Amino acid sequence: MKKITNFKRVYVWELPVRIFHWLNVLALFVLVVTGFIIANPPAILSSAEATNLHTFGFVRFLHFTAAYIFLFVLILRVYWSFMGNRFASWRAFWPFTKKNWNNFWHVMKIDIMLMNEKEEDVSKISIGHNSVATLSYLVMFVLALVQIATGFALYGDMASWWLPKMFVWVIPLFGGDFIVRSIHHTAMWFFIFFAMVHVYLVFYHDWLEGRGEVSSIFGGYKFVSDERLKHAHNEDEVEIKDEKGIVATK
Amino acid sequence: MAKNNELRETYYESIIKQGYSRRDFMKFATYIAAYMGLENSMVGQVAKSLETTHRVPVIWEHFQECTCCSESFIRSDHPIVADIILDKISLDYTLTLMAASGHQAEAAKQATMEKYKGEYILCVEGSVPMGDDGNYCCIGGRSAKDLLIESAAGAKAIIAWGSCASNGCVQAAKPNPTNATPIHKIIKNKPIIRVPGCPPIGEVMAGVIVHLVTFGRLPELDRLGRPKAFYAKRVHDSCYRRPYYDAGLFAQTFDDKNAKDGYCLYKLGCKGPMTYNSCGTIKWNNGVSYPIQSGHGCIGCSEENFWDNGPFYERLTKVPGLHEEGLADDIGKVGAGILAGGLAVHAIAANISKRKELTSRINRGISNEKNIDS
């Protein structure tokens, strides 16, 4: 194989996307850890009077604070899907296009079922999210809404602010706190499963494709082959700006 | 209501007739106003209403139930509740307490239903079995379903006493062999007040009745049809042990020192954090105590499906929709383990399947490294 591939640096994940990603990671981590503690707290051994301790109250405070962060960065991300670049746009997540489904089956074959192509088809390499990823993010978005609705509904009865109060209708909808709490707790597990698969697949792509998948969420850049960019240019997907792009070789 | 007024005395008249003084009556009005969550200035209005309102006819139906609601009601703190509100109010029909029995009793009910059509209040204690065409519960040869539909037709309002009538309670627990059904799922065209609890607190029951008769309309209800005055707060949020919860001080077993010291019973499965009721404020048996104060966690008796929401003495989360003992954390841990194993297998398979691509990339990288000008 004497084919030389030139890679170009492409700014894929803009700053708001990266801020969303990392604040979301932080919030989810805190939510899951404090959530487990709230569900089954350790009994601390202390001879102090209850008046002088606020341990569990603090754990709950962290959970509620993280919940607000989780909600607000989600709002930021939704806003950015209308303002951001093509990779952040809601259009990238819209599942009902032929192109999307072609890419979906391609990723299922090559990356999930680990089949090999005889000849690499550059048109099928995704620059931003691939279609399996976007679909999983859509599912997680719905689950995030479920968590926000059930969580703030459980919180709403103690709150005096209108924002959590907005969700109090959820409890009578399901019939009571019992079921709402069960939904909240069960749905949490899907975030753990998602995080496992997500992190694994990021490493998988980085290792097998060498296009900077892992570092892209820090700096925002991915490396895309010239061929792919030319194809994108012909397809009117991406403008190539040579003067700005930094060429990397392999 | 006007046409039948001459036949009935007012509440005040019957209270005085029973031998209570005006002073006792005023005490009662103050007491019940406080329980109803009314402010001080409303006491006069309650007293005036009881003086001028003619007794509202009440039919009290008993279906699939244990009569603990009636028991709770007659043990209500103030004697006037039992003497007047129950005796006088339930005069028309209540199987367990009325003097008449058999055909006589049924005839009395028929007479009330005809005479006070659209005026009487229907109190229902117990759920209605809808399975086998209602044959699981029959009174006087007629099914509960039949009787309910008949007596509900002319009712002004319906009070669903207790968890049976409000939520189905133990009869409706899985697998619910008789298809026990709460009242609001059968009667759709009448205002229904749900007063859940197994049983509801006597003062709560008295408060609901007095509200209905003094103001002539339903008390303010929440989205589940429960009176807001009594069901707006969780037991947890009004619990005197709440400071221990916030401090993280929990009893681990019922016989440890923490339990003795009165620490929070959260880890022992207390359902207070999910249960809406007034136990923490009104309490039971003339305000003496309530379950948590007596050292036992709340079992959530006023919540829907409380029999099917996991064990009473453990804090577990069941997966909604799974009928068996499917615990979210057990399933989650197994799921995460299987997933981790699957990902490891996928990682190995990926390296084998894509080895050509991978080696060529690694080789190119190595040769690039060697070609660096030095």
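Chain B is divided by the domain assignment into domain 1 (2-231), domain 2 (233-315) and domain 3 (329-370), bounds of this kind coming from an automatic or database domain assignment. The C-alpha centres of domain 2 of chain B and domain 3 of chain B are 50 Å apart. The model is a predicted one, in which local features need pLDDT of at least 70 and side-chain atom pairs count only at pLDDT 80 or more, while totals for chains, interfaces and linings use all residues. Residues are numbered from 1 along each chain as its sequence is written, and chains are lettered from A and ligands numbered from 1 in the order in which they are written.

We can begin with the strands, which, like the helices, are DSSP runs numbered from the N terminus (H or I, at least four residues, for helices; E, at least two, for strands). Strand S7 (residues 157-161) of chain B is mostly covered, with 4 of its 5 residues buried; a residue is called buried if 20 or more other C-beta atoms lie within 10 Å of its own, exposed if 12 or fewer, and partly exposed in between, the C-beta atoms being placed from the backbone. Two strands are said to pair if DSSP finds at least two bridges between them. Strand S3 (residues 121-125) of chain B pairs with S7(B) in the parallel sense over 5 bridges, and Ala157(B) of S7(B) is the bridge partner of Ile121(B). S7(B) also runs parallel to strand S9 (residues 192-195) of chain B, to which 4 bridges join it, and here Ile159(B) stands opposite Ile193(B) in S9(B).

Helix H7 (residues 144-153) of chain B has as its buried residues Ala144(B), Lys145(B), Leu147(B), Leu148(B), Ser151(B) and Ala152(B). Seen down the axis of H7(B), these buried residues fall within an arc of 165°, so they line one face of the helix; the arc is that of the directions from the helix axis to the C-beta atoms.

Turning to chain A, 42 residues of chain B are in contact with 40 residues of chain A, where contact requires that the C-beta atoms of two residues, placed from the backbone, lie within 7 Å. Helix H11 (242-247), helix H13 (328-353) and helix H14 (355-370) of chain B are the elements that give two or more residues to the side of chain B that touches chain A, and H13(B) gives the most, with 10 residues.

Lastly, Glu13(B) is found in helix H1 (residues 11-17) of chain B, and counts as partly exposed because it has 14 C-beta neighbours inside 10 Å.
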